[in-house]
Amino acid sequence: MANTKVSELVFIPAPGVGHIMSTIEFAKLLVNRDRNISITVLIIHPPYSSSVLTTYIQSLPMNPIERIRFIELPRDQETTPKLDLEAPFMSFYGFINSHRNYVRNAVSDMVSRPGSGRIVGFVVDILCTGMIEVANEFGIPTYVFFTSNAAFLGFKLYIDTLCRDWKKEEVIELSKSDGELSIPSFIKTVPMSVYPAIYQTRDGLKFLTISMKKFREVKAIMVNTFLELETHAIESFSSYTDFPPVYAVGPVLNLDGVAGKPEDKDVIRWLDGQPRSSVVFLCFGSMGCFEEVQLKEIAYALEQSGHRFLWSLRRSPPPEQSFKFLPDDYDDPRSILPDGFLERTNGFGRVIGWAPQVSILAHEAVGGFVSHCGWNSMLESLWFGVPTATWPMYTEQQMNAFQMVVELGLAVDIKLGYKDNIFNREGNTAIVMAKEIESGIRRLMADEEVRAKVKKMSKMSRATVVEGGSSFASIGRLIQDFIA
């Protein structure tokens, strides 16, 4: 006789566009695979202003999903810790942990609700590991949904091991040297130029070590990747005896994108009129933006390359508000671009604000993607078979770029070691010149070997999530773990 008892999961995503979207897509995937699973997603509102994220959160109750419900946790301005630009990661960790009482109350209500199923697990984001303590209070096991890739998870594990043996100052000194690291999750030695800037500070290292200590307490870690893409990285975890099982469950993608703007249809109509694989698409994520001097270099490069282009251009917040507001659209991009640029490129180029990235990458006219290398963007580009030119900016993106270009040969580089201080953009002086950008764009559109590899990986990414695929099987094992 089939088991009809409902098993409930509590999902707690971090309040970031890439985090919350992929987490909810993972929730959809689970309820579609097993009708005896139901999920409650606890929504934490961000401590910063983001029109894109606000629109997405508001859209959730308007599009009901069977056996998934959403609970928005209260916003308590008085007791919420203030975010500190000097220690952004630990203060963000404190911000998330300030919601513990709300999570306790929500779970208590679930437990006491008549006819409710058994809560079999918390699924927490990599930035929400403080919620493991709440799960422990209820005697509920916790799982982590790792929204980045397996190689980066291995990097964090490696640095945490170093921090156990060395002083943090020694690790920071090493990270700023000119050497290389032999990290088990990478095939090749990793140059310090792609070492994430966030872990070159005491704040970042403290957050890393706290997170990895929490990771060791969980029942399993689900990584948004797939075996065929990261074979070496995934297999590297078998050498650790004090680390939980790692499930490759990806690619987990939001193929519907964010609720669009009326102008989005005009963008797609413009693409409809372009030749196949002829357009370079430039987009740097929800937090990616540049100062005027860098934007002008990008504009010169696009004009000189002669390639058709679609450029998602975003305005940086004022320096003193860089952790309160995310980038937004320009009222008039002419105010920041070279004189006459829009007129000279009219017909073969378009400059837009926030981009419907999934719809654009899916369009047959797009032949290349200049990206900040956020992991969701990397997975989307592979899914649609669009090769990438890497321009990483923050968090783990330099390591993503190194993996895609050097380890896997699935991208070309523009500037692997570029780093942007998103928490305080005053004093960011590294400028990538037009000639370097133009060269990267030309290689992106001309490298047939990379294009062929990406097309092959696109087929693998789609095969892995259907019956018989490695991620399909991995999720099946995970569900058995949930309901056992």
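**Helix packing.** I began with helix H6 (residues 150-165) and helix H8 (residues 202-215), whose axes come within 9 Å and cross at roughly 105°. That makes H6 roughly perpendicular to H8, a label used for angles from 65 to 115 degrees. The axes are lines fitted to C-alpha atoms over the stretch in contact, with angles from 0 to 180 degrees between N-to-C directions. On the H6 side I noted Leu 153, Lys 156, Leu 157, Ile 159, Asp 160 and Cys 163; H8 contributes Leu 205, Leu 208, Thr 209, Met 212 and Phe 215. Contact here means heavy atoms within 4.5 Å. Helices (H or I, at least four residues) and strands (E, at least two) are DSSP runs, numbered from the N terminus.

**Ground rules.** This is a predicted model, where local features need pLDDT of at least 70 and side-chain atom pairs pLDDT 80 or more, while totals for chains, interfaces and linings use all residues. Residues are numbered from 1 along each chain as its sequence is written, and side-chain values use heavy atoms, leaving out hydrogens and water.

**Strand S8.** Strand S5 (residues 142-146) pairs with S8 in the parallel sense over four bridges; pairing takes at least two DSSP bridges. Phe 145 has Met 222 of S8 as its bridge partner. S8 also runs parallel to strand S9 (residues 246-248), joined by three bridges, and Ile 221 stands opposite Val 246 in S9. From S8 the chain passes through helix H9 (residues 231-236) to S9 in a right-handed β-α-β crossover, that is, clockwise from first strand over helix to second, with the strands pointing away from the viewer.

**Cores.** Next I looked up the largest nonpolar core, which has 133 residues. A core is a set of buried Ala, Val, Leu, Ile, Met, Phe, Trp, Tyr and Cys residues joined through side-chain atoms within 4.5 Å. Ile 12, Phe 122, Ile 159, Trp 311, Val 370 and Trp 391 have the most contacts inside this core. Its largest share, 10 residues, comes from H6. A second, separate core of 36 residues includes Val 120, Val 249, Trp 354 and Ile 475.

Terms used:
Buried means under 20% relative accessible area, exposed over 50%, partly exposed in between (1.4 Å probe, protein chains only). Angles under 35 degrees count as roughly parallel, over 145 as roughly antiparallel, 65 to 115 as roughly perpendicular and the rest as oblique.
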